[in-house]
Amino acid sequence: MNKVLMLVSLCALVGVAGCSEKKEEKEEETKYLVTSPLKTDTTVTNEYVSQIHSIQHIELRALERGYLQKIFVDEGQVVKKGQLMFQILPIQYQAELQKAQAEANFVEVEYKNTKSLADSNIVSKNELALAKAKLDKAKAEVTVAQIHLGFTEVRAPFDGIMDHFQVRLGSLVDEGDLLTTLSDNSKMWVYFNVPEAEYLNYKTHAQQENLKNVNLLMANQQVFDYPGVVQTIEADFNNETGNIAFRATFPNPKGLLRHGETGNIQMTLPLKNALIIPQKATFEVLDKKYVYLVDKEGKIRSREITIAAEMPHIFVVRSGLTKDDKILLEGLRQVKENEKIHYTFVQPDSVLSKLSLYAE
């Protein structure tokens, strides 16, 4: 009798324990957050690798052959238009000028004598014309000699900044030898390449949206203080890359930007009826983006999507989703394909407004 009572008690205990475990399982059922894409008008900021050029960047070369006698400037110096920079030894050209002037003086005396005789009808008018031609030729040779002498002085053609010297004091330079380069950095031209689809978006909205203003993200990840303006777009696309070159002009009053720098152009473009989802709702497999869709039965399955643009915490979806799809918002690593889940639906505008808090 006692054994029967003990067996009944044991069964009762087992039954109670089983019920307790089932109750705990129900209480511990995981509920996931699910949302939908948000369809809305927005803007996206695209970045393009850029090259920075001075508005004027030229090579200064020797115009005459000779020894570099003097250098009046230094590397990196700011120079003014017309300022004397280099002097090539002028002795030879000074001698040539003196010779040409002496010849011109002699011919002028001859011309005056011939004119006096012509006025007295002693010589013909043809002889006077010949003497006048000799005088004009001699004066022209003086002008040429003066020009050659002037070429021994190299002056700044505009206000700018000197680059490093290609020659040193006393060097023998030939006509055309590079002396240095000069940059006008008062304004900078920034070149960047834009894909065809983004070019079309830009041209479609540039007038009504005033999209010509762009920003420059410098190499130190700081945004340049002054915005630029897109002023030029090249005529043709590059068939190899599918891009077209833009040029933006930036003021550079503090001289911070220099020729040859690099950076990223930031251009803001409007997106109409864009589908937006949180970045945290996606996962990546072999460089492809996926989300977990939740069907009417609560089962999940993966779907590949393509991304049109990326913003902080947000992806703009080009294809793969509709605004009525339900996607898993969190716990992506805890679920498996075709698994049935319990979830709570969160309105997409509420999710997007709290993305900075949700970001992992």
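In this predicted model, the side chain of Thr180 reaches the backbone oxygen of His164 at 3.0 Å. Thr180 is found in strand E9, which covers residues 178-195, and counts as buried because its relative accessibility is 0%. Leaving aside residues up to four places away in sequence, Thr180 touches His164 together with Ile58, Glu59, Leu60, Phe86, Met162, Asp163, Phe165 and Gln166.

Turning to charged pairs, the count comes to seven salt bridges. One of them joins Lys254 to Asp225, with the closest N and O atoms 4.0 Å apart. Lys254 sits in the loop between E12 and strand E13 (262-278), and Asp225 in the loop between strand E10 (213-218) and strand E11 (228-233), so this pair ties together parts that are 29 residues apart in sequence. Lys254 is exposed at 63% relative accessibility, and Asp225 is exposed at 58%.

Arg303 pairs with Asp325, and here the closest N and O atoms are 3.4 Å apart. Arg303 is partly exposed, at 28% relative accessible area, whereas Asp325 counts as buried at 16%. The side chains of Asp324 and Lys323 also meet in a salt bridge, at 3.5 Å from N to O; Asp324 is exposed at 58% and Lys323 partly exposed at 44%.

The protein chain has a mean pLDDT of 82, with 86% of its residues at 70 or more.

Definitions and conventions. Residues are numbered from 1 along each chain as its sequence is written. This is a predicted model: local features need pLDDT of at least 70, side-chain atom pairs count only at pLDDT 80 or more; totals for chains, interfaces and linings use all residues. Side-chain values use heavy atoms; hydrogens and water are left out. pLDDT is the predictor's confidence in each residue, from 0 to 100. Helices (H or I, at least four residues) and strands (E, at least two) are DSSP runs, numbered from the N terminus. Buried means under 20% relative accessible area, exposed over 50%, partly exposed in between (1.4 Å probe, protein chains only). A polar contact is a pair of N or O atoms within 3.5 Å; within protein, one must be able to donate a hydrogen and the other to accept it, and residues adjacent in sequence count only if both atoms are side-chain atoms. Contact means heavy atoms within 4.5 Å.
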